[in-house]
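User: I have a model open and want to go through it piece by piece. Can we start with the loops and then move on to the packing?
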Amino acid sequence: MIEDIKQDAEQRMQKSIEALKHDLAKIRTGRAHPSLLDQVTVDYYGSEVPLSQVANIGTEDARTLKVTPWEKPMASKIEKAILTSNLGLNPANDGNVIRVPLPALTEERRRDLVKVVKSEAEGARVAIRNIRRDANSDFKSLLKEKEISEDEERRAADDIQKLTDRYIKEVEVVLEKKEKELMEV
């Protein structure tokens, strides 16, 4: 029973780390990366679909994304969708291929992005602590029902704390890496 709670907590903490990495991938650095356009949706015959379902997204060089629509008439709709996506990008459409140049980040913009990254990391830390709290309350309810002893409850709480510390360190590593990537010119 205790092991089940620990495994569940560890899986949920791992998911928090994965979610953090996924959220940080959306925050653009100076480099072009196809995942920058993940949240862009395009009107495809009356329904909104992700850009990746109507076009091939790749990188042309370090600062340019290349979007190749699978159907020629979609090029203008894709261009419009990228323009209205609030990403601050200005696509260039040549009829067949849409090139999306990424402007260089200013020092001020980099600092703003670092603040955003830090708040994302704090959100992940809070999620991990909430998972710890949930696990500890599960242990306390088992103790109340006399299914485990006080010593077992204390040991389990210590194990969960070690797990929490490990995952919070992992959040710090991910944060540091992203900060370094953002501040790199």
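User: Where is Lys 146 found?
Analyst: Lys 146 sits in the loop between helix H3 (107-144) and helix H4 (150-183). Helices are DSSP runs of H or I with at least four residues, strands are runs of E with at least two, and both are numbered from the N terminus. This is a predicted model, in which local features need pLDDT of at least 70 and side-chain atom pairs count only at pLDDT 80 or more, while totals for chains, interfaces and linings use all residues. Residues are numbered from 1 along each chain as its sequence is written, and side-chain values use heavy atoms, with hydrogens and water left out.

User: What is the phi of Lys 146 near?
Analyst: Phi of Lys 146 is near 60 degrees, a positive value in a residue other than glycine. Most residues other than glycine have a negative phi.

User: Is Lys 146 buried or exposed?
Analyst: Lys 146 is exposed, because its relative accessible area is 72%. The cut-offs are under 20% relative accessible area for buried and over 50% for exposed, with partly exposed in between, using a 1.4 Å probe and protein chains only.

User: And Tyr 45, what is its phi?
Analyst: Tyr 45 has a positive phi of about 50 degrees, although it is not a glycine. Tyr 45 belongs to the loop between strand E1 (41-44) and strand E2 (47-50). With 60% relative accessibility, Tyr 45 counts as exposed.

User: Change of topic. What does the domain assignment give?
Analyst: The assignment gives domain 1 (1-27 + 106-183) and domain 2 (34-101). Those bounds come from an automatic or database domain assignment. The C-alpha centres of domain 1 and domain 2 are 35 Å apart.

User: Now the helices. At what angle do the axes of H3 and H4 cross?
Analyst: The H3 and H4 axes cross at roughly 170 degrees and come within 10 Å. Axes here are lines fitted to C-alpha atoms, for helices over the stretch in contact, and angles run from 0 to 180 degrees between N-to-C directions.

User: Parallel or antiparallel, then?
Analyst: H3 and H4 are roughly antiparallel to each other. Angles under 35 degrees count as roughly parallel, over 145 as roughly antiparallel, 65 to 115 as roughly perpendicular, and the rest as oblique. By class, the contact of H3 with H4 has 18 nonpolar, three polar and 13 charged residues. Ala, Val, Leu, Ile, Met, Phe, Trp, Tyr, Cys and Pro count as nonpolar, Asp, Glu, Lys and Arg as charged, and the others, Gly among them, as polar.

User: What about H1 and H4, how do their axes cross?
Analyst: The axes of H1 and H4 cross at roughly 10 degrees and come within 11 Å. That makes H1 roughly parallel to H4. Their contact has 13 nonpolar, two polar and eight charged residues.

User: Which residues does Lys 6 touch?
Analyst: Leaving out residues up to four places away in sequence, Lys 6 touches Phe 139, Ala 156, Asp 159, Ile 160 and Leu 163. Contact means heavy atoms within 4.5 Å. Lys 6 lies in helix H1, and at 16% relative accessibility Lys 6 counts as buried.

User: How many residues are in the largest nonpolar core?
Analyst: The largest nonpolar core has 29 residues, and Ile 128, Phe 139 and Val 171 have the most contacts inside it. Such a core is a set of buried Ala, Val, Leu, Ile, Met, Phe, Trp, Tyr and Cys residues joined through side-chain atoms within 4.5 Å. Helix H1 (2-26), H3 and H4 each supply at least two residues of this core, and H3 gives the most, with 10 residues.

User: What does Ile 128 touch?
Analyst: Apart from residues up to four places away in sequence, Ile 128 touches Met 13, Ser 16, Ile 17, Thr 164, Tyr 167, Ile 168 and Val 171.

User: Which residues does the second core include?
Analyst: That separate core of 21 residues includes Val 49, Leu 51, Ile 78 and Ala 81.

User: Last one. Where is Thr 64, and what is it in contact with?
Analyst: Thr 64 is in strand E4 (residues 64-69), and at 12% relative accessibility Thr 64 counts as buried. Beyond its neighbours within four places in sequence, Thr 64 is in contact with Ala 32, Gly 58, Thr 59, Arg 99, Val 100 and Pro 101.
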